[in-house]
Amino acid sequence: MPFSSYIGGNTRRANILPNSPLPTLSPTPTKSKHPSRKLRKRTALINFIFTNFFTIALSISLLFLLITILLFGIPKPFLSSPFKSKPPPYKDLYDRIQFLDVDGGPWKQGWRVSYKGNEWDSEKLKVFVVPHSHNDPGWKLTVEEYYDRQSRHILDTIVHTLSKDPRRKFIWEEMSYLERWWRDASVENRESFTNLVKAGQLEIVGGGWVMNDEANSHYFAIIEQITEGNMWLNDTIGVVPKNSWAIDPFGYSPTMAYLLRRMGFENMLIQRTHYELKKELSLQKNLEYIWRQSWDAEESTDIFAHMMPFYSYDIPHTCGPEPAICCQFDFARMHGFNYEFCPWGKHPVEINQENIQERALKLLDQYRKKSTLYRTNTLLVPLGDDFRYISIDEAEAQFRNYQMLFDYINSSPSLNAEAKFGTLDDYFRTLREEADRINYSLPGEVGSGQIGGFPSLSGDFFTYADRQQDYWSGYYVSRPFFKAVDRVLEQTLRAAEIMMALLHGYCQRAQCEKLATGFAYKMTAARRNLALFQHHDGVTGTAKDHVVRDYGMRMHTSLQDLQIFMSKAVEVLLGVRHEKSDHNPSQFESEQVRSKYDVQPVHKVIGAREGTSQSVVLFNPLEQSREEVVMVIVSRPDVTVLDSNWTCVPSQVSPELQHDKGKIFTGRHRVHWKASIPAMGLQTYYVANGFVGCEKAKPAKLKYFSMSKSFSCPALYDCSKIDGGVAEIQNQHQILTFDVKHGLLQKVTHRDGSMNAVGEEIGMYSSFGSGAYLFKPIGDAQPIIGAGGHMVIFEGLLVQEVYSYPKTTWEKTPISHSTRIYNGDSAMKELLIEKEYHVELLGQDFIDKELIVRYKTDLDNKRIFFSDLNGFQMSRRETYDKIPLQGNYYPMPSLAFMQGSGGKRFSVHSKQSLGVASLKDGWLEIMLDRRLLRDDGRGLGQGVMDNRPMNVLFHILFESNISSTSDPVSNPLPLSPSVLSHCELSVQPPPRTFSPLAAPLPCDLHIVNFKVPRPSKYSQQLIEDSRFVLILQRRHWDASYCRKGRSQCTSVANQPLNLFNMFKGLEVLNAKATSLNLLHEDIEMLGYMEQVGNVGQEGHVFISPMEIQAYKLVLRPHQ
């Protein structure tokens, strides 16, 4: 649900403030001696009044206070009291809005705004016009092309024009461009830029490497990209941003609000939200609000948010509600510049003494109308657009003409207005000062102790629509191949960061430090290439083909660099590499490699000749020990697997598959075995041929169904035909039943005898108006799978698998898929169903087609489901009939689940970001890929035709709870994932491994990252400096699913974690809490809960569920 409001008098705990003057005891009245009855009465009354004067006065004051509250709402001091209840039980805005798209006149998506004229009599209108230039780090051009042609000139122009007049202001957001410009800039320009920032003329807003997408990006990558930009900025110029500016992401996530708050940001600005929602919030004067997380009962996540009210962030849609008038004040559209003229027919003209009165009053009228949509008389007016202020002439035209208009307005006291250039900080400071003086709270409204006068809201802003029924749900899936590469780079970068930190921590030899510091440049490049792709035209898949190619090649280069570093680091950490051989190539190489940036990774084939063995080193970057089935590819099937003690390990061998109807088997083989890897550690296994005394890998048995007579059973395997119309695979937890002719999963039967329908269906939408951004289907998705095709079943010691190459109307089907379950009795993997879809949406046959998989279960979820936001938190979703199908699609960065009556739950975990919907009761639908010929009219100028063959991997869980949980239909709050959605099992690692943690962490505690933040400066810092950073997250799950899930998760972080005792062989000398961007250490400002004892001296930290906290560490090996 996009939004729930915190409204109503019963939502806050009734309590008395600590400094409340209300008495707790009544003083005892004094007695008098034998007065007359009348005198006694009067004396008694006087004595009572004098004796209890303080109490009576306070009681009267309290009575007036209660009357005031009833008449005017809660005064500000009461807002500082933390409310302890959950939001009220209604979904609020989406239920209230009718989505009728009523024509509002000049403000087409609003109404005819008017004012009385006396609104500014007591508090004048204060207008801050904020010049800005939106610089996309890649969209129609690559980041380098944009820099060369536009961005470097814009930054030069800013420095030149702002230096001429101290009244001029500007804001800048993207550090990717600023860092590039800084390298080229003269010393004089660098000094001028720094002076402008220090003087407050130029503000860095956001300060991330990019302005990141908020639908597809994972929270790990968001933290990385903001930290990379913020740290570069602080190291270079010495400033830390405190205001966020996000005018172009296509919808907004509360995860971003949470992360910004924990990074020390105070205010944030957003723009692209549903036009009907903007209208509703404008009517209620709720466009400025406190954004609070749904789980927060302490106001610790509160951040002030400003939503822009109109269609776009360009000048016609920012000065006021009438774009035809506002466009006349975009002076870069005058004759002589390269921008298009105003489409409404009336164009801007130079301001002079003859027209200044008429022009100034016309502009002020728009300012006044816009200000009526907000509560305060402090108004923000952005002045810019994409890649504006590219020349000095353009900048001078804007600054010169606006200054004349400001001078006229400011010189006329009767107008009750003051207008000037400002930064975002100027605006928010003035607004907060006004809100401190004047109470803007509404009756019955609960706000925040941080800033009074505004409502507290929670939720997200998906799915975005900018006009009519144009919903931006297509970009959840556009370019899914590169969305998958993004996640691979994230996990590889995190693993490499951890290895670098462990290398520095454990190995004090010069050669070890040389290896790590020698890689520092490439580590920084990898961080920045990942950060660059988080841009809202990168991971979204909404850039030109050659720009996508540039992003892809950058990520590919970094993946190769990281893999080379990790292979060398493995040698050092395992004690294989010696100083004399440090210059040699690594003995190890990555098990999966990509030959190009746009192809699927392939497994390295282990050529196990007779009498030889090859080592396989597994790295577990998680904080819990893992026991799970792993797989490698071998050239021949007669191999044996041994652990690091050369003890035999049971294993299974089966043929390798490929997406080829004529040749399903590649001729190579897959070897599976169950591996145990210590937390954040390394484990070695050996794949040998001819090892005496060990049983060879046990071949799987094959069953097949094929209408073709050309099916050929691979040598060394037993094959048999499938009889009947259904087939089954099973392990000790579940039985999976398939429709043989269609190759699709029908139902799951659980070990207790209960059964769930799954009804797997693969379909396609046809569309005419869809593009990179928009999803505009023609009707419903139609099934594409017909009877026939090929099905192969593998039944083995460790893995049961069904492979289906289905029949479709096309000669080469666009999809094939495998369904796997694993055997065993202790690992989490045995409880899930693994679905892997191979997708090839290529060629003319699939133009304007969008491919989906749909699970038609028997859960009565009432079309309510839950999808994650950035891999961090869940959001409740409800399908509405009053909005079109495409508006009921939502982002699914990693997880979606449905829950029916009785707590039955169906969850789908994804390795990449996709789009999800529940269009009918019990259905969960996920889009896999889309191929679109046409542009959708949002500026890109092309469709999406550069599809690549790819694999999409899901983990599916059926679960039942063990206690009553809230009804998802009536409860507006998001539910939490189950413990199985987070947790791996804890096992004892075998000897002779690298195992850095003293013990696995509690299974709700996740190490987001363990890194050396400044790798190139590591050797220049002293050992007592905080050269390491540990970022921890405590997850929150629905505990009612824990035991049924057999997770054996026995340890949760209810007790403080001792950072000093966390590592084996490493001594933590000091630990200091810091912000998530590593630049603030004021715990109270960041909203962290108060810790038990002194963290720096004792090392004890406690993290509440859902929280992420960062700590700077001083580390050294045990002496």
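A disulfide is defined here as a pair of cysteine sulfur atoms within 2.5 Å. The structure is a predicted model, in which local features need pLDDT of at least 70 and side-chain atom pairs count only at pLDDT 80 or more, whereas totals for chains, interfaces and linings use all residues. Residues are numbered from 1 along each chain as its sequence is written, and side-chain values use heavy atoms, with hydrogens and water left out.

By the sulfur criterion, four disulfides are counted. One of them links cysteine 319 and cysteine 326, with sulfur atoms 2.0 Å apart; an angle of -90° about the S-S bond makes this link left-handed. Relative accessible area is classed as buried (under 20%), exposed (over 50%) or partly exposed (in between), using a 1.4 Å probe and protein chains only. Cysteine 319 is buried at 2%, and cysteine 326 is buried at 0%.

Cysteine 713 and cysteine 719 are also joined by a disulfide, with an S to S distance of 1.7 Å. This link of cysteine 713 and cysteine 719 is right-handed, with 75° about the S-S bond. Cysteine 713 is partly exposed at 32%, as is cysteine 719 at 27%.

Histidine 955 is partly exposed, with a relative accessible area of 23%. Its contacts (heavy atoms within 4.5 Å) include Leu832, Ile833, Glu834 and Ser907, residues up to four places away in sequence not being counted. Histidine 955 lies 9.0 Å from lysine 829, C-alpha to C-alpha, although the two are 126 residues apart in sequence.
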